[in-house]
Amino acid sequence: VTSFDNEEVVHISVDSVRVVESIPRGEAFDAVFVTTKCAAVMSDGFLENLGESVSRETAIVMVQNGVRSLDFTREKLPSHRIVGSVFSCNVQEIEDFHFHRGMKGGLFCEEGLPENVFEALISSRLSVERHPPAVFRSMMWGKFVVNMNNSVNALSGLPLRDQVSNPTLRKCVALCME
């Protein structure tokens, strides 16, 4: 992971990370990070497969920008340990396994992240904050509102500074919030 100031923030050997598209059954995990889009989380079979593949002690960490998938996951997997989280910054994959943090920020998550996972993230120099559920929920909604501007910015084709300086485009963002 590189940062907005072009410093390397976190370096993890690709060989030490296991990325899977389906979870092997019968293996033990302290945590599984779900980083797919919200629509995929709510698609048929996704959560059922996840719930059958991990133990109830495994923390299922939902790293989502949307606001519905966390409650939806809790409804579908009521006996599993579900932890909400969002990145408080934008992250872009520059190339395979090279992620770039475009601004200052880190991972906000609910209380419930296993201590050993929390410590591993902290020791890798990733900024991680744990918050009570009500505080986390307000942060999640705040991130959602900020992200609404992204689509207007992309469609305008303008640099962000020019886009937010344009009253008509600010009105578009306001209409998205209604």
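**Labels and their cut-offs**

Reply: Start with a contact: the side chains of His131 and Glu129 make a polar contact at 2.9 Å. This is a predicted model, in which local features need pLDDT of at least 70, side-chain atom pairs count only at pLDDT 80 or more, and totals for chains, interfaces and linings use all residues. Residues are numbered from 1 along each chain as its sequence is written, and side-chain values use heavy atoms, with hydrogens and water left out.

Me: What makes the pair His131 and Glu129 a polar contact?

Reply: The term asks for a pair of N or O atoms within 3.5 Å; within protein, one must be able to donate a hydrogen and the other to accept it, and residues adjacent in sequence count only if both atoms are side-chain atoms. The side chains of His131 and Glu129 are 2.9 Å apart, so the label applies.

Me: Where does His131 sit?

Reply: In strand β7. Strands (E, at least two residues) and helices (H or I, at least four) are DSSP runs, numbered from the N terminus. β7 (128-131) is one of the edge strands, and β1 (31-34) is the other. They belong to an open, mixed sheet of five strands, ordered β1-β2-β3-β6-β7.

Me: How do you know that β3 and β6 pair?

Reply: Two strands pair if DSSP finds at least two bridges between them. Three bridges join β3 (residues 81-87) to β6 (residues 107-110), so they pair, and they run antiparallel. Phe87 has Leu107 in β6 as its bridge partner.

Me: How many salt bridges are there?

Reply: Three. The rule wants a side-chain nitrogen of Lys or Arg within 4 Å of a carboxyl oxygen of Asp or Glu.

Me: What makes Arg74 and Glu110 a salt bridge?

Reply: Their N to O distance is 2.4 Å, so the pair meets the 4 Å limit. Arg74 lies in helix α3 and Glu110 in strand β6, so the pair ties together parts 36 residues apart in sequence. Glu110 is buried at 4%, whereas Arg74 is partly exposed at 28%.

Me: What about Arg137 and Asp71?

Reply: The closest N and O atoms are 2.8 Å apart, so this pair is also a salt bridge. It links Arg137 in helix α5 (residues 133-156) to Asp71 in helix α3, 66 residues apart. Arg137 is partly exposed at 30%, and Asp71 is partly exposed at 31%.

Me: And Arg130 with Glu115?

Reply: Their closest N and O atoms are 2.9 Å apart, so the salt-bridge label holds. Arg130 is in strand β7 and Glu115 in helix α4 (residues 115-123), 15 residues apart.

Me: Why is Cys172 in no disulfide?

Reply: A disulfide is a covalent bond between the sulfur atoms of two cysteines. Here the term needs a pair of cysteine sulfur atoms within 2.5 Å. The nearest cysteine sulfur to that of Cys172 belongs to Cys176, 7.0 Å away, which is too far for a bond. The structure holds zero disulfides. Cys172 is partly exposed at 32%, and Cys176 is partly exposed at 39%.

Methods
Buried means under 20% relative accessible area, exposed over 50%, partly exposed in between (1.4 Å probe, protein chains only).
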